[in-house]
Amino acid sequence: MSGALVTLRGRATRWLRSSHLRFLGLILLLELLFGAAVMVSVTQLIRAELDAADSALAGQLHGDLIAVAREQGVQALARIIAARVANDSDEVILLSHSDGRRIAGNLRTWPPVVLPVSRWTTVDLYRTGDDQPGKFGILAARLTGGERLLAGQRIDESMQLRQTVENALTTALWMALPLALAGAWFAVHIIDRRVGRIALTAGQVRAGDIARRVPLDGSGDSFDQLGGAINGMLDRIGGLLAELRLLTDSMAHDLRSPLTRLRARIDRAILTDDPEALRGAIEGIGREADQLLAMLTTALEISRAEAGIGRDRFSDVDLAGALTDLVELYEPLVEDGGRQLVLAIGARPFVQAHRELLGQAVSNLIDNALKYGAGRLTLSLSQDHEGVVIGLSDEGPGIPPERESEATRRFLQRRCTRRGHARPSVP
């Protein structure tokens, strides 16, 4: 029982600390704040409209009575007031002396809370004959003879309408609370589902399914961009793994022959008793070992250069001079084969490169053309908007279109060359 309680407490603690709960609370808070802001705005708008309407009614009544006093005198005003308050209406009117004693109207005396001259305001007043106070919007002014005039309109209905609207909005806000909670949960669920797809893909890749990719919906949103970036990363990792497999397979293939010869020389050295034969076998073993070390060193240097390691061995290389040296080196070999090697230099750029690896790359192209090509070889150097181009062409049949994609893969045997430019990989 205690173990189950601890488990429940642990789950509750993790849930309280989770980003789901924080995000859910944030969305819920924002929705409630928006709802409260709407409620306050609507309430203030309705209040302003009702106040404006009530003020206009009270102002019209007050203006009419002042006009009567100005045109017909106070006595006529008192008679008109008496006639108006005799009817059971929503008006409140009081004409008093300067000391507040009533002359006419439906108030016994001047209200102490109202100044002799007052703009539109709301007060609670007891009219003559009323047993309950009422809410009135009134205006007050002093007449030319010193008398005071108070006039206004009952605003109970306006206050009731305002209260009704406020209650309705408050109720709507409370009713919107579960809807806001549901909306927040739905938003979190959508986000969690999108993130879950990415996490699922990552788990499948971790389990060994390197071909798995994050499904995209084509919306181009942040999750789609994240998924696309992860897919690009996985594509790159897949390509690197394929190159690694190709490298290991090719290295195993290339190392098999020298290792076989090395094993054969060792066996002969073990079986021979002739000192000269033993010395020759040992020398052969040394040559085979040197060849193996050279192959491994070259592969390591290429990998280090591609990884950005060993950049300290890079220097400014005069490509035109380097290619000229290679042509001079290969010319005797090419002429012995009854062929011709031509150098075409269209630019003389200097580039940051590993001179030895660059020379080895171009040498491999020349060797490949000598083995599998035909006719004259043309080694060219040019420069375009993409950069420097080292090209080697011959008059052979070229690479079949269906095998062009293989031509740029590392460690593959090239059985033919392509008529035109070839771009070696320059570290």
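Are Asp224 and Arg194 buried or exposed in this predicted model? Both Asp224 and Arg194 are buried, where buried means under 20% relative accessible area, exposed over 50%, and partly exposed in between (1.4 Å probe, protein chains only). The model is predicted, so that local features need pLDDT of at least 70 and side-chain atom pairs count only at pLDDT 80 or more, while totals for chains, interfaces and linings use all residues. Residues are numbered from 1 along each chain as its sequence is written, and side-chain values use heavy atoms, with hydrogens and water left out.

**Figure 1. Salt bridge between Asp224 and Arg194**. The side chains of Asp224 and Arg194 form a salt bridge at 3.8 Å, N to O; the term denotes a side-chain nitrogen of Lys or Arg within 4 Å of a carboxyl oxygen of Asp or Glu. Asp224 belongs to helix H5 (residues 222-271) and Arg194 to helix H4 (residues 156-206), so the pair ties together parts that are 30 residues apart in sequence. Helices (H or I, at least four residues) and strands (E, at least two) are DSSP runs, numbered from the N terminus. The structure holds 12 salt bridges.

**Figure 2. Salt bridge between Asp124 and Lys135**. The N to O distance for the side chains of Asp124 and Lys135 is 3.1 Å. Asp124 is located in strand S3 (residues 118-125) and Lys135 in strand S4 (residues 134-142), so this pair ties together parts that are 11 residues apart in sequence. Lys135 is partly exposed, its relative accessible area being 23%.

**Figure 3. Salt bridge between Asp267 and Arg263 in helix H5**. The side chains of Asp267 and Arg263 meet at 3.5 Å, N to O. These residues are 4 residues apart in helix H5, and about one helical turn separates them. Asp267 is partly exposed, at a relative accessible area of 30%, whereas Arg263 is exposed, at 53%. Elsewhere, salt bridges that share partners join Asp90, Arg154 and Asp156 into one network.

**Figure 4. Nonpolar surface patch including Leu26**. Phe23, Leu26, Leu29, Leu30 and Leu33 make a nonpolar surface patch of about 460 Å². Patches consist of residues with over 30% relative accessible area and no salt bridge, with like charges joined within 9 Å and nonpolar side chains (Val, Leu, Ile, Met, Phe, Trp, Tyr) within 5 Å. Accessible areas come from the Shrake-Rupley method with a 1.4 Å probe; for residues, only the protein chains shown count as cover. Leu26 lies in helix H2 (residues 19-72) and is partly exposed, with a relative accessible area of 44%.

**Figure 5. Open sheet of 3 strands with the order S7-S9-S10**. The pairing in this sheet is mixed; two strands pair if DSSP finds at least two bridges between them. Strand S7 (341-345) and strand S10 (387-393) are the edge strands, each pairing on one side only. The twist averages 15 degrees from one strand to the next. Strand S9 (residues 377-384) and S10 run antiparallel and are joined by 7 bridges, and Ser380 stands opposite Gly391 in S10. Helix H7 (residues 319-336) packs on the sheet, touching S7, S9 and S10, and its direction makes about 170 degrees with that of S7. H8 also packs on the sheet, touching S9 and S10, with its direction at about 25 degrees to that of S10. Axes are lines fitted to C-alpha atoms, for helices over the stretch in contact (heavy atoms within 4.5 Å); angles run from 0 to 180 degrees between N-to-C directions.
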